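Hello,

Please find the structure below. My notes on what turned up follow it.

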Amino acid sequence: MLMERFDRPCDHATSFALSALSLQCPGPDQAETGEPGAVPRSDATNGSASTKRLEVTLVALRRASKRTMVLRLRFVDGEVFKYRPGQFIGLVAPDGRQRFFSIANADPVHNELELHVNRTPGGAFTGMLFDKAQIGDRFWMEGPFGDFTIPPEASSRTILVAGGTGFAPIKACLEQMVAQRLTGMETSRTIHLYWGARSREDLYDVAGLDALSKRLPGLRFIPVLDQGHPDCSARTGFVHRAIIEDFDDLSEYDIYACGAPAMIEALSRDCAAERGFDPSRLIADIFTAGPACENVPPPATSAPVALLLDQASAIEGVEGEALLFALKRAGVALPAVCGGKGACGTCRIHIAPQWRSRLAEPAKQEARLLKFTGAGEGDRLSCRILLTADLSGLELQACTENNGDRQ
Amino acid sequence: MTTVALEKSALEKVGEAYSPDQMFKVRGFTRGAIHEIAARVRPGMVEEDAVEMARDILAERGMVQGWHDVYVRFGTNTTKTFGAASDPGVILGADDIFLIDIGPVFQKWEGDGGDTFVTGTNPDKARCAVDARKLFHIVRKKWEAEKASGRALYDFAVVEARRMGWELNLDLSGHRLSEFPHEVHYPGGMADVDFTPTGGPLWVLEMHIRHPTEKYGAFYEDMLLDDSYFPDFKA
């Protein structure tokens, strides 16, 4: 039995089944513009008594869409990390600054945190996570931060709004609702979730949401896409306009929103002006983009370059990238302390004799570093070798000693 | 407090090869190299050639390795953040500004330092270069006098920089040094720690200020040390 009373039922619109979306929409959209951001902004990032700095290991890495990566991080040394669903953590980037990501799971199952990372255009850290991160990489993280949460006992006059990876904290809160079995007691309660994304593909976890909705029968999911497609029945346009279309009176509603500043500002402003929404009933987690960095362009081309490591492992590089990054992705332990700039000499590898003459001679600084670090014949710095199509089949060996790999 | 104390001891760890004496020796080499590089920079030089020249100077002094790359940045490239590639082919003008940022490794120990210089008489650029150094010392004095945390020091630095008319780039916000490589102990920033960094060769303080609207900036970096290590400094 449905208990909610809409001032205006959303009849023309669209709280439609998740599976329908999956079936009715076309394939990935190819637009390259970025999401609003992957970094929750909050005034609550100052450390508190409950804030910890812990080391985590990357244990899972899944490309959920062209622009979104789902990561799982496990605490080193079995640390216990307590947080509330809706909170976020900071990961320390190689530049020493933190980038903030919402936790996407309610409980640290197997002592792991799930993060949804959106690739920020020009973003050094998210670019690194997409292009170079590999299972086993370690990071420092700090947290938890933030006050955002959705109370499991939220009333049926509750609207959830996610923009892009703003879905992550909402997912954690929905999981908490499932865990507390509130739906078992109140199966009739309806919660509306509006998820705004650029394209169908950017609704990157429809399957996970589908699974959640089976245990939260009152969950109504309304996807809103920036870009419409003739074969896709999802709403298009701004997510807050969809809410305004669906509700005549929002004066008694609580809205929980996670996403870009512009989305949240427009949501609050227009819903207040046009539907009597009380802005003090907006609980928001505002995402902003992290600092951009100009030195990490994506590979110029995605053409693969086959490599043979230690006469046994076939690995794949990408034309236009330095060999170092292909090796790092394949799990080869190279310190590369300077980040692949040809300054530290700690990414040494050994090239098979038949391939040496096909590589350009080392430039002055590489030659100097090779000599200084005691390199033998055929040794090169992997950060100085740019992969090209004619290097496909390159045979090499990992060096067991790289100065700097002492710990 | 216990948590902070634990964090401090964890993030200020050093390895077996760590030696304060050697670290100070590398500090001396680093400062010397910065000034030698600056002395060989001339108007009309292309930035890439200056970087080559800087690498040569460091290599001649036994500092072939660096824990980070060698940066000599000219003119508009002085606004580039740490690690960012410079715009290519920038030529130093006769009334211009340039900065140097090097992180050499001498034998097993890391150094790090930076400074900014001008080639002409432009008073704004000259003030920018002077202010980066001045800000370094203002923040350092706050650490010395108040035992402020890393986070508090950079919060303070942002305000002070703005008061001087500059924007502080927090991508460069202090970090550890140690035997090479310090990143195994703590790869993060000083601005992220809630304890008072220990003086000595464990940390560097760095200030990268930029003009709020124009395309130039200045950088200064040295170890976080008390007045006795800065004989030329006058409060």
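Which of the 73 residues in the largest nonpolar core touch the most other members? They are B:Ile37, B:Phe74, B:Ile100, B:Leu168, B:Met207 and B:Ile209. A nonpolar core is a set of buried Ala, Val, Leu, Ile, Met, Phe, Trp, Tyr and Cys residues joined through side-chain atoms within 4.5 Å. Buried means under 20% relative accessible area, with a 1.4 Å probe and protein chains only.

Before you go on, note that this is a predicted model: local features need pLDDT of at least 70, side-chain atom pairs count only at pLDDT 80 or more, and totals for chains, interfaces and linings use all residues. Residues are numbered from 1 along each chain as its sequence is written, chains are lettered from A and ligands numbered from 1 in the order in which they are written, and side-chain values use heavy atoms, without hydrogens and water.

Next, B:Lys142. This residue sits in helix α4 (residues 123-146) of chain B; helices are DSSP runs of H or I, at least four residues, numbered from the N terminus. B:Lys142 counts as buried because its relative accessibility is 17%. Leaving aside neighbours within four places in sequence, B:Lys142 contacts B:Lys147, B:Ala148, B:Leu153 and B:Phe156.

Now chain A. Of its 407 residues, 55% count as buried. Helix α2 (residues 124-131) of chain A is mostly covered, with eight of its eight residues buried. Among them are A:Phe125, A:Gly127 and A:Asp131.

Best wishes

Methods. Buried < 20%, exposed > 50% of the residue type's maximum accessible area, 1.4 Å probe, protein only. Helix = DSSP H or I, 4+ residues; strand = E, 2+ residues; numbered from the N terminus. Contact = heavy atoms within 4.5 Å.
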